[in-house]
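Subject: Model handover

Hello,

Please find the structure below, with my notes after it.

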Amino acid sequence: MQAKTPDSRLLNRLKSIVGSKGWCASDSAGKYFADPRGHFRGNASIVLLPSSTQQVSQVVAACNEAQVGIIPFGGGTGGVAGHMEISGSLPVVLSLERMNAIRSVSIDDETVVAEAGCILASIQKIAEQHGRRFGLSLASEGSCTIGGNLASNAGGIQVLRYGNCRDLCLGIEAVMPDGSVLNDLKPLRKNNTGFDLRHLLIGSEGTLGIITASALKLSPLPEDSVTVMCVVPAPGSALKLLHKIRNKLGETVTAFELMSGLGVTLATKYFEALRNPFDGPFEWCVVAEIEGHKGIQWSLEEVLEQELEQGNIVDAVFAESRSQSEALWNLRELAYEYNQKEGAICSSDTSVPVSQIEKFIELTITAIRYLDDGLRANCYGHIGDGNIHVNIFPPQDVSKQAYIQMHPGIQETTRMIINETTHQCGGSISAEHGIGRLRISELQRYADKTKLAVMQTIKTAIDPNGIMNPGAVFEAHGQPTQILSASSEG
Ligand SMILES: Cc1cc2nc3c(=O)[nH]c(=O)nc-3n(C[C@H](O)[C@H](O)[C@H](O)COP(=O)(O)OP(=O)(O)OC[C@H]3O[C@@H](n4cnc5c(N)ncnc54)[C@H](O)[C@@H]3O)c2cc1C
């Protein structure tokens with residue numbers, strides 16, 4: 001079933017549901033059509049900004065009746081074009097931004113109930129004001145929304161300790177494709193009453209319904225925290241270090257990120273305020289956040305001294321203030337920007353079993369260098385949970401455009417090398433960013449066939465008119481998925 005474009009009668013009906021402040025004509029709605037990677041421009045017949053679950057329900061029911069497509073929109077920070085129509089048709093974009101209330105906070109239940117349009121950073125702040133932590137942290141946290149985080153099952157730097165967004169959600173409220181409302185916001189940690197629809201909606205990228213609110217898990221705030229950066233001889237040494245710290249200090253590692261020397265060089269090249277905290281260049285390092293009881297730094301120092309003696313780390317620096325901690329973390333968190341500025345021709349969101357990380361990195365770099373030994377690779381990311389991002393750059397002093405012109409098809413070739421190596425290492429082509437409109441052909445190629453068939457059966461059963469985020473995750477009629485996939489990198 002192909003979703004239709006709304007006619008003027010439906011547009012008027014939608015406008016009257018959301019009221020005069022609740023919509024925006026498409027010619028003045030530029031921010032809803034922007035791609036954070038700068039590759040695409042979205043489009044829509046209208047952008048709707050409902051202010052309540054009831055309005056969302058009425059909008060969805062009206063669109064379903066007319067078989068008109070709806071694209072849910074959170075903060076627009078997704079990297080796989082899930083929040084934007086790029087094939088030319090004109091659906092309705094439905095932004096949740098006006099639904100940004102914190103409905104309740106309960107210290108006894110250790111939960112916050114937040115509407116879908118709440119910015120992630122504002123939920124973290126509310127939690128801190130109550131002496132608690134909301135354990136999701138992404139570099140985009142100042143603009144992404146909890147609805148978008150849940151819809152894409154976001155990961156980020158604290159998965160090691162707090163899990164993915166899925167693990168932080170106890171209950172959900174959502175509008176289903178026929179307009180009915182799923183009320184499942186109970187903050188229960190145990191609830192085995194039939195299928196858990198929360199987990200079907202989380203990670204479904206807006207293809208099964210619109211998340212309007214969620215009950216989220218909070219954790220106690222640690223007494224003390226330490227930021228440390230260590231130079232390591234190889235990615236495998238980073239993993240040994242992680243295991244050593246966890247063996248000695250228990251579940252105190254909140255974040256543990258691998259960085260390449262190239263990544264740090266690019267960070268300092270494009271961001272003047274940043275500097276390499278070590279005396280000279282190096283190949284690999286980790287930046288980590290260890291949190292726990294008062295004085296945890298002393299326990300950590302003991303572990304690091306032993307690791308230094310055994311040659312598993314080469315050097316280490318501790319942040320001595322909050323601003324030093326932020327400076328170390330910026331070297332990692334600005335990767336999205338500096339990779340783009342350096343002209344990445346290909347980027348990946350790979351996960352492999354932790355035991356396969358070193359093999360994956362070695363095989364990938366060898367294969368890329370075999371293609372052209374001038375190509376440069378920045379491999380970095382959430383090494384503790386197996387999620388490694390690979391960005392490939394043209395040889396030094398060659399621009400992205402010139403290199404692509406000289407080597408047509410290079411983006412697809414490098415992408416296939418990474419995908420095939422991922423597959424060989426038993427991994428996933430999308431660890432945390434999802435499928436959106438860019439990775440459909442790869443999903444079709446690498447996913448288990450039974451899984452794909454069951455996904456399609458569920459989609460057809462729940463959304464028979466195909467109105468929810470048409471063209472995302474599932475193959476759409478006539479959509480040139482191969483071409484989209486090839487042009488997605490950077
Ligand atoms: C600098 C930067 C760093 C990033 N780092 C990370 C990272 O470390 N880890 C990570 O996982 N991601 C990361 N991302 C990607 C992105 O921030 C996440 O995917 C985020 O969860 C998207 O949230 P959003 O509100 O911007 O959603 P959007 O981009 O607006 O939408 C994402 C998807 O969810 C759907 N959607 C949005 N809201 C709803 C809703 N209420 N109900 C149903 N469907 C909905 C959209 O249709 C779309 O398919 C990063 C992005 C940037 C720009």
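The notes cover the ligand site, a cavity and a hairpin.

This is a predicted model, in which local features need pLDDT of at least 70 and side-chain atom pairs count only at pLDDT 80 or more, while totals for chains, interfaces and linings use all residues. Residues are numbered from 1 along each chain as its sequence is written, and side-chain values use heavy atoms, with hydrogens and water left out.

Ligand site

There are 34residues around the ligand, and Pro72, Thr77, Gly78, Ser140 and Thr145 come nearest; a residue counts as near if one of its heavy atoms lies within 4 Å of the molecule. For polar contacts (pairs of N or O atoms within 3.5 Å), the side chain of Ser140 has an N or O atom 2.7 Å from a ligand oxygen. In the side chain of Asn149, an N or O atom is 2.9 Å from an oxygen of the ligand. A nitrogen atom of the ligand lies 3.1 Å from a polar side-chain atom of Glu432. On its own the ligand has 970 Å² of accessible area, of which the protein covers 94% (Shrake-Rupley method, 1.4 Å probe).

Strand 3 (70–73), helix 4 (146–151) and strand 10 (210–217) are the elements that give two or more residues to the shell. Helices (H or I, at least four residues) and strands (E, at least two) are DSSP runs, numbered from the N terminus. Helix 4 provides the largest share, four residues. By class, the shell has 12 nonpolar, 20 polar and two charged residues; Ala, Val, Leu, Ile, Met, Phe, Trp, Tyr, Cys and Pro count as nonpolar, Asp, Glu, Lys and Arg as charged, and the others, Gly among them, as polar.

Cavities

The count is three cavities of 30 Å³ or more. A cavity is a set of points, on a 1 Å grid over the protein atoms alone, where a 1.4 Å probe fits but cannot get out, and lining residues have an atom within 4 Å of a point. Strand 13 (253–260) and helix 5 (159–162) each supply at least two lining residues, and strand 13 gives the most, with three.

Hairpin

Strand 5 (residues 102–106) and strand 6 (residues 111–115) pair in the antiparallel sense over four bridges; pairing requires at least two bridges found by DSSP. Ser106 has Thr111 in strand 6 as its bridge partner. Four residues lie between the strands, and Glu110 in this hairpin takes a positive phi near 50°.

Regards

Conventions: Polar contact = N/O pair within 3.5 Å; in protein donor to acceptor, adjacent residues only side chain to side chain. 1 Å grid on protein atoms, 1.4 Å probe; cavity = no way out; pocket = protein on both sides within 12 Å on 5 of 7 lines; lining within 4 Å. Points joined across faces, edges and corners; volume = space filled by probe spheres on them.
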